[in-house]
Each structure stands twice: as C-alpha cells, then as structure tokens.
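Open the model in your viewer and keep the sequence panel in view. This tour tells you what to select at each stop and what is there.

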Amino acid sequence: MSDFHSLKVTSVHQLTPSAVAISFTIPENLKDAFSFSAGQYITISKEINGVEVRRAYSISSAPGSGKITVGVKKVSEGIFSVYANEKIKVGDVLQVMPPEGRFVFEPVNTAKHVAGFAAGSGITPIMSIAETVLESHLNSTFVLVYGNQSPDEVMFSKEIEALQKKYTNRFFLQKVYSRTKEEECLFGRIEASTVNYIVKNKFKDAKFDAFYLCGPEEMINLVSDTLQEAGTPKEKIHFELFTSSETVDTMAESLDGKTQVEIIVDDETFTFSMDKKMLVLDAVLKENIDAPYSCQGGVCSSCIARVTEGKAEMVKNQILTDGEIAEGLILTCQAHPLTPTLKVNYDDV
Ligand code: FES
C-alpha cells in the first residue's frame with residue numbers, strides 16, 4: 001500500500017536562505033501514477049541516520065508543467081528539512097509516494113475568481129493553485145494575500161513576479177510583513193482586519209468563487225471565521241494546515257484494556273491485539289504492516305481508513321467531515337479503539 005517510487009532530483013534551487021525548491025521529472029512509465037491536481041502533496045521517504053523519515057510536502061508546480069516541485073523550508077530540529085536544505089543535490093534518487101490530498105482546485109470551463117491566503121511555507125500549494133486558476137480560463141482571476149516576517153523570507157518570489165508579469169490584469173498580490181514596514185505592503189500578521197480589507201474594500205466588487213487558505217492553524221481559523229462573518233459560505237473555504245497545534249492526548253489516559261484488531265490493507269488481512277491506549281496507526285506500524293501514512297499528526301490525510309466493525313475515536317480531526325465520520329472513516333494516526341474488537345479497512349476509502 002505504501003506505494004513509493006524512485007524519483008531522480010532534477011533541480012534544486014535556493015528559494016530563501018532557509019528554503020529550497022526540489023524538482024523531480026517524472027519518467028514516462030510513472031506519468032499516470034504521478035498525475036496530480038493543484039494543491040496536492042507528495043510524501044518523501046528517506047533513511048537518515050538509520051531511521052526511516054517520511055514527510056509530506058505540497059507541490060508548488062502546476063499540473064500542466066510536466067514536473068513535480070516541492071518547497072522545503074528548514075525547521076530547526078527538522079530531520080528531513082535540514083537534510084533537504086543541506087544535502088540533497090541534482091541526481092539524487094528519493095523514494096516518493098504519488099500525489100494525494102483533498103485541498104485541490106479542479107479547473108472547469110468557466111472563469112473562476114479565487115483568493116488565496118498563505119503564510120510562510122503555506123505558499124507552496126497556493127502557487128500551484130494560482131497558476132492553475134489563471135491558466136484555466138482567460139477571465140479567471142486570483143488574489144494572493146501572502147504573509148511573512150520580512151521580504152527575505154518570501155518563498156517563490158521569482159515565480160510570483162512571473163505570475164504578475166504574465167497575468168497583469170488577472171493576478172493581484174497583497175504582501176503582508178510582520179517585522180518590517182515596506183511600501184505598498186500591509187504591516188502585521190494576516191488578521192481579521194487584513195481579510196476584511198481584501199474582501200470588503202480592495203476587492204469588494206470581486207465575487208469570489210473560492211478561498212484557499214494555507215498556513216498555521218491559528219491563521220486558518222482566523223481567516224475562515226472572518227470570511228464566514230463576512231457572509232462567505234463554508235463550502236467556498238478550503239484549507240490546508242501546515243503546522244498543527246499540539247494536542248495533548250488525554251483520551252489515552254482513560255482507556256483501559258485491549259482490543260482485538262483486524263486490519264485490511266491491499267487485500268491482505270492482519271489480526272493482532274493492541275492496547276486501547278495506543279493509536280491505531282502506531283499499533284499497525286508496530287506489527288510491521290505496510291499501511292499508508294505520512295505526517296502522523298492528523299494533518300495530511302494519508303492514513304484514512306474505514307471502521308467496518310467496532311468503534312474508534314479520534315483525538316483530533318481537522319480533515320474528515322461529520323458525514324465522513326458518520327460513514328465510519330477515521331484518521332488512523334489519531335484514533336484509539338474503544339470496543340473489544342475493531343475492524344479497519346484501508347482499502348475501502
Ligand atoms: S498520517 Fe497524516 S493524517 Fe494521519
């Protein structure tokens with residue numbers, strides 16, 4: 001099920017002093033597997049110091065570009081991001097899982113008016129979405145609100161400039177800096193006032209079809225709430241968390257006993273007993289079962305499976321809708337079993 005393929009790095013370019021763009025050219029035989037929608041991510045697996053590390057990175061390139069580019073920002077203590085920024089070079093081969101994710105823009109044959117709010121490295125999937133929106137129809141427009149601490153932290157600045165040049169009357173950029181005051185830029189973080197300025201003032205006549213938000217949870221909640229207060233229906237707001245708030249797993253403390261688990265992955269059935277205090281995915285990996293996962297933090301959606309018997313409850317969920325939960329879907333990296341038996345099917349999602 002963990003469908004990794006060897007992909008060769010065909011370019012590495014420095015985006016900022018602490019971020020790189022890594023591109024892969026997809027060989028002919030993998031073109032179908034690696035076709036993607038704007039906004040999706042790939043999972044990269046790498047053994048570093050004897051330990052397998054998996055990380056999900058959003059694709060910044062547009063689906064029509066023929067390549068997959070991801071932006072990787074170095075985070076202190078980030079095992080893979082430090083490796084990517086300091087060691088990865090052209091010609092290296094990495095293990096990459098085909099694109100996934102539900103934060104997508106699918107082009108249609110009519111003009112769309114879309115706004116994107118991004119903070120820091122949250123710009124990565126928004127780049128792909130912006131380009132796709134603008135390419136998809138001659139009258140489509142895209143408003144990008146992009147927040148950073150200062151101009152030297154802006155990722156994809158050349159690519160953003162290229163969009164400005166190519167789509168002079170259809171691509172609009174509002175930069176926001178929290179540490180430096182710059183001409184024509186808003187000062188501060190992306191706040192309720194920023195959102196209101198964009199939708200009620202600067203672009204008050206634009207009838208936005210969709211909003212795409214990507215960045216830290218705090219920003220996403222704030223932008224989403226402000227848009228809804230301004231009358232935007234929830235269905236028009238799409239978001240992708242880039243960092244998730246730490247959730248303390250208090251549920252585990254109150255769970256006693258064991259659960260007999262049956263797992264179906266890739267038409268194979270596995271059974272074992274697990275402690276209810278453990279998370280389903282952790283128990284599955286401990287049994288060396290090759291189940292899909294990436295972030296292990298309830299952010300990426302790789303680990304979704306369906307409960308077909310018994311009950312499991314998630315510590316945290318910002319991905320599945322109430323309807324999907326009612327249908328039995330769970331993020332296995334966030335779910336504890338609650339019943340003496342539990343059947344989980346990774347194939348039926
Ligand atoms: S592994 Fe990413 S949501 Fe579970």
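Which residue takes a positive phi in the hairpin of E3 and E4? Asn49 does, with a phi near 50°, and the hairpin has 2 residues between the strands. Strands (E, at least two residues) and helices (H or I, at least four) are DSSP runs, numbered from the N terminus.

Before moving on, note that this is a predicted model, in which local features need pLDDT of at least 70, side-chain atom pairs count only at pLDDT 80 or more, and totals for chains, interfaces and linings use all residues. Residues are numbered from 1 along each chain as its sequence is written.

**Stop 1: the hairpin and its sheet**

Select strand E3 (41-48) and strand E4 (51-58). E3 and E4 pair in the antiparallel sense over 8 bridges; two strands pair if DSSP finds at least two bridges between them. Ile48 stands opposite Val51 in E4.

Show the whole sheet next. It is open and has 6 strands in the order E4-E3-E6-E1-E2-E5, with antiparallel pairing. Its edge strands are E4 and E5, each of which pairs on one side only. From one strand to the next, the twist averages 40°.

Select helix H1 (residues 79-86), which packs on this sheet. H1 touches E2, E3, E4 and E5, and its direction makes about 90° with that of E3. Contact between two residues means that their C-beta atoms, placed from the backbone, lie within 7 Å. Axes are lines fitted to C-alpha atoms, for helices over the stretch in contact, and angles run from 0 to 180 degrees between N-to-C directions.

**Stop 2: the domains**

Colour the chain by domain: domain 1 is 5-100, domain 2 is 113-243 and domain 3 is 251-345. These bounds come from an automatic or database domain assignment.

The C-alpha centres of domain 1 and domain 2 lie 24 Å apart. How many residues does each of the two give to the contact? Domain 1 gives 16 residues and domain 2 gives 15. On the domain 1 side, strand E1 (5-16) and strand E5 (67-73) are the elements that give two or more residues. The largest share of that side, 3 residues, comes from E5. By class, the domain 1 side has 8 nonpolar, 7 polar and 1 charged residues. Ala, Val, Leu, Ile, Met, Phe, Trp, Tyr, Cys and Pro count as nonpolar, Asp, Glu, Lys and Arg as charged, and the others, Gly among them, as polar.

**Stop 3: a helix pair**

Select helix H4 (residues 192-202) and helix H5 (residues 217-229). Their axes come within 9 Å and cross at roughly 45°. H4 and H5 are therefore oblique to each other (under 35 degrees counts as roughly parallel, over 145 as roughly antiparallel, 65 to 115 as roughly perpendicular and the rest as oblique).

Show the side chains of Ala192, Val195, Asn196 and Val199 in H4, and of Leu222, Val223, Thr226 and Leu227 in H5; these make the contact. By class, this contact has 6 nonpolar, 2 polar and no charged residues.

**Stop 4: a second sheet**

Finally, find the open sheet of 5 strands in the order E14-E13-E19-E15-E17, where the pairing is mixed. Strand E14 (268-275) and strand E17 (329-331) are its edge strands, each pairing on one side only. The twist averages 35° from one strand to the next.

Zoom in on strand E15 (residues 304-309), which is joined to E17 by 3 bridges and runs antiparallel to E17. The bridge partner of Arg306 is Leu329 in E17.
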